[in-house]
Amino acid sequence: MFLQLIISGLSYGSLYALIALAMVIIYKTSEVPNFGQGEMAMISTFVAYMLLVSYEHSFALSFLGALFFAAALGAFLEFVFLRRAKEPNILSLILITLGFQMMLYGLASWKWGAEQRDLPFPVSDFDTVSLGPAVLSYLNAATLLITLVLMFLLFLFFRYTKVGIAMKATQQNAMAARINGIRTKRILSITWGMSSVIGAVAGMLLAPIATLDPSLMLDPLLKGFASAVLGGMTTLVGAALGGYMLGIIENLFGGYVSLEFKSVVAFGIIVLVLCFRPSGLFARHYVRKV
Amino acid sequence: MDMKRNYYEDIQLLDSKVLWFWFMMLIAFLIVFPFLIPKLTGSSYYIYMANYMAIHVIVTLGLNILVGYTGQISLGHAGFFALGSYFTVLFMTHLNFPFLLALVLAAFIAAFFGFILGLPALRLEGPYLAIATLGFGMAITQVIGRWQIFGGRMGLEPPPLDLFKPFGSYILETDAQKYFLIVSIAFLMVMAARNLMKTKVGRAFIAIRDSDIAAETMGVNLVYYKTLAFAVSAFYAGVAGGLFAFLLGFINPSTFNFILSIYFLAFVIVGGLGSIFGSIMGGIVMTWLMLTLDKIQELPHIGTALVSFSKGWMSLTGLPNVASIVFGLIIVLIVVFEPLGLYGFWIRTKIYWKTWPF
């Protein structure tokens, strides 16, 4: 029982970790929590669905196409709207991302209606592999694996590529990065595109478990925020760990305390962490200068 | 002319005879409106719309006190709205309270929750506060949807709107009857908010918005005033929620979702941050837009074009969601091009005509 809860918690946690990562990447460069993240992922998942079911392309082609769409969407939103804001303060940035959220939600509901669909997936949710006393469905195993691979790729990206290093420089000090010849605005667009891709992967892995409709990501978005807050909004590793921790805590709560109130756990965690360690478990505490 | 020479001139409601005249005209218009409308249009739809507007004006005012005047962020106001709604109905059905008492008690419960939410807000700012309030709003609807006393997913049906229940009976049934109750409450709330902002409390809120550290140095008690701002704001949302239950005649958890919180925020932004007049304009204009876009396929020209476009490219059932797209676009455009909203537009127009040839 315990092991089973931990393992399925890890599988859900990896989805939360992906969403949290997508959020943290944007937060570190733009300094705004992206409330449109969930809807960006949702609409990319719908694009995958459309390519697969309506146009009957192969799995590989549709999923890749959806990822390209996600990258373009993220960069487009940043370029067209966010960059236009004059002297943005934090409230107006948050409002712009909320505007994205509503636009994308409305667009998806208009295009695909509120009916629930199933996203076909090459890996089955019903065949299982047993690990000692616990069982794990192929889909959950694939989720775990894909997440780990993606995180490894991210690590390589930030460590060894020019763009990754430029991104880190922009996050640390945008002014200094500009002086050193980095086009920080372009880096910002790339960041949004990348974050959107990571979110889209989470959406496509989530859709086969849940049902695909425009409110697919409303709840996972809150979980992603909770994970990011738990681990620290300013560290990538922390956010990922926070995601896994949230998945496990939530599953244990559902297994031993109350299944009904499982989805309130994330909120409890947000409040507790924000009350006692506002900058998260794995991030250094920051001191604001007046 | 615009110069204020002492405090009493500053708190004066209307400072000239002309303004008094227009103020009286406004009140007369508000009284005559429900008698006029059925004669002109033959239906009470616009009275229903006016009720809706009045309720949204109350919420917008409350949220503006928090966001525009105190500089805090709340993405969970649908939660307070829901609390006011549910507790008003519960007090009336289970404890047999008269309506006004139930409404005020429910609003105080909402205010208490606002106070609770204000506590973590003392240590949080900007994005973190946004996330915490977002979580709060979502948690409220989750909990309400699972507890039997709140009617679970099925929701609740409010009892007849009886004003003096234990001592007599006067049931408000038609939209026009409810209009007088709702609009007079909205009127009182507007006056209260306007006066509150002219007192020590309002000035403390504004000081906190401009810089909380500077405010604290000047002797503003941050703990007291920040939680007070949340409580007042939640009180307004609670009152509006209580009225909303009777306007709609049916409440369930999915009414009070995250999207509703963003709608409220959109009202504030469109009206203008930190302005009472702006809140009124925002509530009225956006409610009109919301109700019109809900029936977008019935609009002349645009409606038919959109229907044929939906048949070809989109889904017809999802057409009302165009409202969501328009609202999102309005939020983004207002933030980018006119950060002061309708109020800023109004001020600029006024100044332009005052100084016209120059």
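**A helix crossing and its surroundings**

Modeller: In this predicted model, H1(A) passes H5(A) in a left-handed crossing. On the side of H1(A), the residues in contact are Ser8(A), Leu10(A), Ser11(A), Ser14(A), Leu15(A), Ala17(A) and Leu18(A). H5(A) answers with Asn140(A), Thr143(A), Leu144(A), Thr147(A) and Leu150(A). Sorted by class, this contact holds six nonpolar and six polar residues, and no charged ones. H1 of chain A covers residues 2-30 and H5 of chain A covers residues 138-160. Their axes come within 9 Å and cross at roughly 40°.

Helix H3 of chain B, residues 45-69, packs against helix H12 of chain B, residues 276-294. The angle is about 135° and the axes are 8 Å apart. H3(B) and H12(B) are therefore oblique to each other. Their crossing is right-handed. From H3(B), the contact takes Met49(B), Tyr52(B), Met53(B), His56(B), Val57(B), Thr60(B), Leu61(B) and Asn64(B). From H12(B) come, among others, Ile276(B), Ser279(B), Ile280(B), Gly282(B), Gly283(B) and Trp288(B). The residues of this contact divide into 10 nonpolar, seven polar and no charged.

The next part is where the chains meet. Chain A and chain B each give 41 residues to their contact. On the side of chain A, the elements that give two or more residues are helix H4 (90-112), helix H9 (218-231) and helix H11 (265-276). H4(A) gives the most, with 18 residues. That side of chain A has 32 nonpolar, six polar and three charged residues.

Then there is the nonpolar core. The largest one has 199 residues, and those with the most contacts inside it are Ile270(A), Ile58(B) and Ala110(B). Helix H10 of chain B, residues 222-248, supplies the largest share of this core, 16 residues.

Leu61(A) lies in helix H3 of chain A, residues 59-80. Within 10 Å there are 12 other C-beta atoms, and a residue with 12 or fewer counts as exposed, so Leu61(A) is exposed. Between Leu61(A) and Ala169(A) there are 108 residues in sequence and 34 Å in space, C-alpha to C-alpha.

Leu196(B) belongs to helix H7 of chain B, residues 175-196. Its count is 17 other C-beta atoms within 10 Å, so Leu196(B) is partly exposed. Apart from neighbours within four places in sequence, Leu196(B) is in contact with Val201(B) and Gly202(B). From Leu196(B) to Gly341(B) the separation is 145 residues in sequence and 22 Å in space, C-alpha to C-alpha.

Technical notes:
Residues numbered from 1 in each chain as written. Chains lettered and ligands numbered in written order. Predicted model: local features only at pLDDT ≥ 70, side-chain atom pairs only at ≥ 80, totals over all residues. Contact = placed C-beta atoms within 7 Å. Helix = DSSP H or I, 4+ residues; strand = E, 2+ residues; numbered from the N terminus. Nonpolar A, V, L, I, M, F, W, Y, C, P; charged D, E, K, R; others polar. Axes fitted to C-alpha atoms, helices over the stretch in contact; angles between N-to-C directions. Left-handed = near helix turned anticlockwise from the far one by under 90°. Parallel < 35°, antiparallel > 145°, perpendicular 65-115°, else oblique. Buried ≥ 20, exposed ≤ 12 C-beta atoms within 10 Å, placed from the backbone. Core = buried A, V, L, I, M, F, W, Y, C linked by C-beta atoms within 7 Å.
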